[in-house]
Amino acid sequence: MPDGCSEDNGAERNPPLIATQSSSFAAATVKCPIAGIGTLRADADQLVKLRRQPGVRAGKPFSPAFLKHADDQTVAAVAVVAQTIAKQGWDDRSFRDWGVVAAPILFGRFGNEAALRRFVSEGAWGISPHMIPHHSLHAVAGTISQAWQIHGPNFGISGGPGAAAEAFLVAATMVSENNLPGLWLVLTGFDPEYIPEKGAGKPTQPTTCLAAALALTPDNPSAGLPSLRVGCETQHQDDPHSSDFSLRALVNHLECKGNDGHGQWRMPGGVDFDWQIEAETQR
Amino acid sequence: MSGSDVCITGVGAATPLGHAYRTIADNLLAGRSGVRRITAFPVDDHPSQVAGVVAEIPSPVSIAAADFAALPKIDQLALWCCATALEDAGWWKNRAVVRVGIVLGTAADWSALWETDGLRGGTQIYEPQQHLESVVHRTRRRLQLSGPGVSVSAACASGNYALALARRWLRMGWVDVCLAGGCDMAVTPMTVAGFGNLRALSRRNDDPAAASRPFDADRDGFVVGEGGAMFVLEPMASARKRSARIYAKVAGCGASSDAFHMVIPSSDPQPAIAAVRQALVDARVDPADVDYVNAHATSTAVGDVAEAKVLETIFESSIERIPVSSTKSMTGHLLTGAAAVEALACIIAMDQQAAPPTINLDHPDPECNLCHVPHQAQQRAIRTTISNSFGFGGSNTCLVLQAA
């Protein structure tokens, strides 16, 4: 059983997984097959190893320098995509025309903390030229695009605590256009939150980088794959089935329940957001 | 008119050329530079010391001036742009009766907070922040908007992605009205230092107004800028029904990735060509029918030439007569705010029937053999425009706007 799947964690962390009956799908609902799902939990030591070798692409290892300047969340994102591709046996598959949407949470704090200290002590020359390209919000999606030669659209989402929920809305929007053969939706964040220890180059307490990758493909009823359904409508009253959406809850759910089950979670700011992952072949 | 057509009915902006549509239009078409020596913080040890800076952002009527002044700069910018756009569109007073969504192109939400606070001696970067809202949700809450809100970041291409997503939300029925655009307050000590050390910025510190010179043989890097623009998007049918002013139809969007390098544009122009072609196909526009091109052209040696090759390929022989300019010559490069402000430049071009100029274009680079608009605006019939925005991370985007 993966970490986080104990009885105690499951009850506390997983949101209620309820029947598909939904009260808030009045506007267009997007449903698409999930061709592949991957999750990853990496502590500090594992991140060091993954930075040197996050996996393979097209059967070959990455250059050890590929992620040299990357943020830890970028490292986890590349690794979880590599693992998902390996798990699906897609080593020879081309993702050339796919899109990439990546939603890191509180991205770049480690790099920003180090940069801030150096700027205060050394002035302008203390800022690394790698700071902006690799610690800005677009960096995770841009790196994945570069890693797998993905030439479709790539961009970052949010960067804030609500990043995962925003990413589902955006991914659904992109898939609904029906002009991409597939879309990588990649979510990352630290659990517990990464709080840097001043001047120490490490967090104040041990923390784990979580990552989830979903390979979404346009609707194809004959595919027989688990599917993701996303809808969005403003609700003006509390829904007892909704609860706060989080990356931790999603990763726990994917690891504990696999592809089956349903989630109905609430987006920050009062907009309700329903998503469901259902294994249609098992129904 | 198609039933799925989406148009722009409201504009809100704060740029180095002003905070009001009329002022920005006048300055843009007069070829005035908004680039100045940076005075907000010491720059003596910075390689680049000039920027396109916004003047003090006024408080929207809905917010007390003292409360507004206490907000972070990025919050001020987003609030001003969104509130004035809603007011301009005629939705401000009725915003509670429709689902107003917001798609904000931005990149420096948290890092800007940490930098500003840290340089004042604060410790926010060392404190838990999972409970904090992002700027898009703060804006949404302060303006009491009931639709969904997301922020998107593709560096300099962010604003075009925001407009594309907003258009889609309207077509999906997720919102009735949607704010979309991009905002960035990137003229900060660490950002200017970071780009400076990347050797991306102009070092023409003794002549700020001449520092941003896209397509010019003597260019030596871009000039960082700050500001942004937000637009109100709504279905064309509902805009016509309520007799709203229609600035432009959001006719086409295209996007691709170089998958080449996090900073350097690909030497292969095909990915960028694909983005422009996709936008033109989406808009059902023949390249020969484009009346004005607002180029991404940032004033870097590699980027300007790469874009010129893209335009030559797309427009073939028509490139000799389709005016191409880079308004970054006047505003500087507004990073995640750039695409939105350049969409505004296209709207102004259609509204005023004039192509804005590329100032400082004294000696056009022979490798950028385009139909330039040097120094002065050119009066022309303009109904269809394209705006290219290419960003770090290899993002290429193109937006087609048309007169309605």
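I will talk about confidence in chain A, then a helix pair in that chain, and then a residue in chain B.

What we have here is a predicted model, and for chain A the average pLDDT is 81, with 74% of the residues scoring at least 70. Where pLDDT is low, predicted coordinates should not be read in detail.

Let me turn to the helix pair. In chain A, helix α3, residues 72-88, packs with helix α6, residues 139-147, at an angle of about 40°, and their axes are 9 Å apart; α3(A) and α6(A) are therefore oblique to each other. The crossing of α3(A) past α6(A) is right-handed. On the α3(A) side the contact is made by A:Thr74, A:Ala77, A:Val78 and A:Val81, and on the α6(A) side by A:Ala139, A:Val140, A:Thr143 and A:Ile144. Of the residues in this contact, 6 are nonpolar, 2 are polar and none is charged.

Finally, chain B. B:Ile322 sits in the loop that runs between α10 (301-315) and β10 (323-325) of chain B, and, because its relative accessibility is 0%, B:Ile322 counts as buried. Leaving aside residues up to four places away in sequence, B:Ile322 touches B:Pro287, B:Val290, B:Asp291, B:Tyr292, B:Val293, B:Phe315 and B:Cys371. For B:Tyr292, which is 30 residues from B:Ile322 along the chain, the separation between the two C-alpha atoms is 6.0 Å.

Notes:
Residues are numbered from 1 along each chain as its sequence is written. Chains are lettered from A and ligands numbered from 1 in the order in which they are written. This is a predicted model: local features need pLDDT of at least 70, side-chain atom pairs count only at pLDDT 80 or more; totals for chains, interfaces and linings use all residues. Side-chain values use heavy atoms; hydrogens and water are left out. Axes are lines fitted to C-alpha atoms, for helices over the stretch in contact, and angles run from 0 to 180 degrees between N-to-C directions. Helices (H or I, at least four residues) and strands (E, at least two) are DSSP runs, numbered from the N terminus. Angles under 35 degrees count as roughly parallel, over 145 as roughly antiparallel, 65 to 115 as roughly perpendicular and the rest as oblique. A crossing is left-handed if the near helix is turned anticlockwise from the far one by less than a right angle, and right-handed if clockwise. Contact means heavy atoms within 4.5 Å. Ala, Val, Leu, Ile, Met, Phe, Trp, Tyr, Cys and Pro count as nonpolar, Asp, Glu, Lys and Arg as charged, and the others, Gly among them, as polar. Buried means under 20% relative accessible area, exposed over 50%, partly exposed in between (1.4 Å probe, protein chains only). pLDDT is the predictor's confidence in each residue, from 0 to 100.
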